[in-house]
Protein chains: 2
Amino acid sequence: MALEHALLVSLTEREGSGYELARRFDRSIGYFWAATHQQIYRVLRRMEESGWVTHTEVAQDGRPDKKVYRVSKAGRVELTRWLAEPIEPTTLRDELGVKLRGASLGDTAAVLREVERHRAEHATRLEVYRRIARRDFPKPAKLNGRELHQYLVLRGGIRAEKSFVDWCDEVVQALRSEGVR
Amino acid sequence: MALEHALLVSLTEREGSGYELARRFDRSIGYFWAATHQQIYRVLRRMEESGWVTHTEVAQDGRPDKKVYRVSKAGRVELTRWLAEPIEPTTLRDELGVKLRGASLGDTAAVLREVERHRAEHATRLEVYRRIARRDFPKPAKLNGRELHQYLVLRGGIRAEKSFVDWCDEVVQALRSEGVR
DNA sequence: CGTACCTATGCAACTGGTTGCACTGCACCC
DNA sequence: GGGTGCAGTGCAACCAGTTGCATAGGTACG
C-alpha cells in the first residue's frame, strides 16, 4: 500500500489536485513508484474516506475546476506510523529476463533487438535523471534533510538505470560474440 | 502477461507439475519474475483452456498425485510469437524509495534502520546468486545457447542486487554524515 | 506421542493496478 | 476550419497478484 503513502508524502510537501499529483509523479517519487491518474483519483477518494486528506473545490477560469487535497492531522499520524513500520524488500520484475531466458526457443536475433531497444529506453531515462541531478542538486555534498533525501532517491533511480543499461550491454555483447545478428 | 510465457519457457525445457514449477521459480526465472503456487496453478489451468499445455495425472506412492504439464504445439507457437513481440520497458517499483523520500516527515533514524535491513536482505540474495553463478557457470566465457542465456539472466539478478546494495550503502553513509543515528 | 514441515492441489475473497472511454473547454498550429 | 494537446475529473470493466484457508498423507525430530 505504498501509493497512499507516496501521495501523503507528496501532499505534505505541497497540497495539490489529483492531476497535479499525477504530473509530480512523472518526476521524483515516480522513479520508485509510478501511478496513472486513474489510480491516483481513486486512491485520493479512498484516503478522504479514511480521513487522511480533505479537499476544497477550486474554480479556475479557462480551465475545469479542481479539487485541491490537503493532508489532515490523521493523515500525518498515519504517515509517521507507516514510516516507522518495516516493509518487505522487493524482488526484481522484468519481462525482458523471461524473454532472454527463452531466447533459444524462438528468434534469438529478435530478442537481441529487443534488448537493444530496452537499452536505448533505459539510457534515455538515465540521461534524464542525470540532467535533473545536475540541475537541481549541483552541490550534493552540502545537502541535508528533505533535499538530501530527494537527492538520494534520484540517485537510486540513476543507479538502477545505469545497472540495467550495463546489463543490456553485457547481454548484447555476449549474444553478438555467440554469432547472433 | 509474462507468467504464462515464463511457464511456457520452463515447461519447454522440462515438463513438470505446478508444484515443481513453483520450486523451479524460486531459482532461475524467479530472479526476474516471482510467482506463488496459487498464481501458477491458476495460470496453468487457464493455459490448458487456451490449449497451450496438456496435463497427465501421475500417481505417486507416499505422496499426493500430481498433474504433469507439457507444452502443446499451440503452446510452442504462442511462445515464439511472444518472443518476437516487443514489450514495455519496466519502471522501478520499490517502497523503500517512497519511505526515504518521506523520511524527514517521520523518524529518520527508523528509516535508516530500514535501509540497513534491506541492505542486508539484498546482500544475502546477492551472495546466493553469486554462489549459484560460481557453481553452475564456472567458465562463463565458454557458454552458448540456452546455458549462456541462463547465465545472462543470473547476471542480471546479480547486477540488480549489487546496485541496490551499493545504493543502500550510499544512503546509509549520507544519512550518517548528516547526523542520523 | 505430538509438532512441524514437505509434497500436492485448490477455492474464495480481496487488493492493486491497467485500459478504454466520456465530457468540457481553452490554446496553439497549419 | 480542423487537428492536436493540455487541464481536469471520473466510471466501468478487466487483469494480475496476494492472502487465508482447507485437505491429506508422509517424514523427521525431540
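1. Across the interface of chain A and chain B, the rule finds 6 salt bridges, a salt bridge being a side-chain nitrogen of Lys or Arg within 4 Å of a carboxyl oxygen of Asp or Glu. One of them joins the side chains of A:Glu13 and B:Arg101, with an N to O distance of 2.8 Å.

2. This is a predicted model, in which local features need pLDDT of at least 70 and side-chain atom pairs count only at pLDDT 80 or more, while totals for chains, interfaces and linings use all residues. Residues are numbered from 1 along each chain as its sequence is written, chains are lettered from A in the order in which they are written, and side-chain values use heavy atoms, with hydrogens and water left out.

3. The elements that give two or more residues to the side of chain A that touches chain B are helices H1 (2-13), H4 (73-84), H5 (95-102), H6 (108-136) and H7 (145-177) of chain A. Helices (H or I, at least four residues) and strands (E, at least two) are DSSP runs, numbered from the N terminus. H7(A) provides the largest share of this side, 19 residues. By residue class, this side of chain A holds 33 nonpolar, 19 polar and 18 charged residues. Here Ala, Val, Leu, Ile, Met, Phe, Trp, Tyr, Cys and Pro count as nonpolar, Asp, Glu, Lys and Arg as charged, and the others, Gly among them, as polar.

4. In total, 70 residues of chain A are in contact (heavy atoms within 4.5 Å) with 69 residues of chain B. The area buried between the two chains is about 6,700 Å², with 63% given by carbon and sulfur atoms; buried area is the accessible area (1.4 Å probe) that two parts lose on being put together, summed over both.

5. A residue is near a strand if one of its heavy atoms lies within 4 Å of it. Sugar and phosphate make up 58% of the atoms of DNA strand C that come within 4 Å of the protein.

6. The surface near DNA strand C comprises 7 nonpolar, 9 polar and 10 charged residues. H3(B) gives its largest share, 5 residues.

7. A base oxygen of DNA strand C is 2.6 Å from an N or O atom in the side chain of A:Arg42. A polar side-chain atom of B:Arg93 lies 2.8 Å from a phosphate oxygen of DNA strand C, and for A:Gln39 the corresponding distance to a phosphate oxygen is 3.0 Å.

Note on methods:
A polar contact is a pair of N or O atoms within 3.5 Å; within protein, one must be able to donate a hydrogen and the other to accept it, and residues adjacent in sequence count only if both atoms are side-chain atoms.
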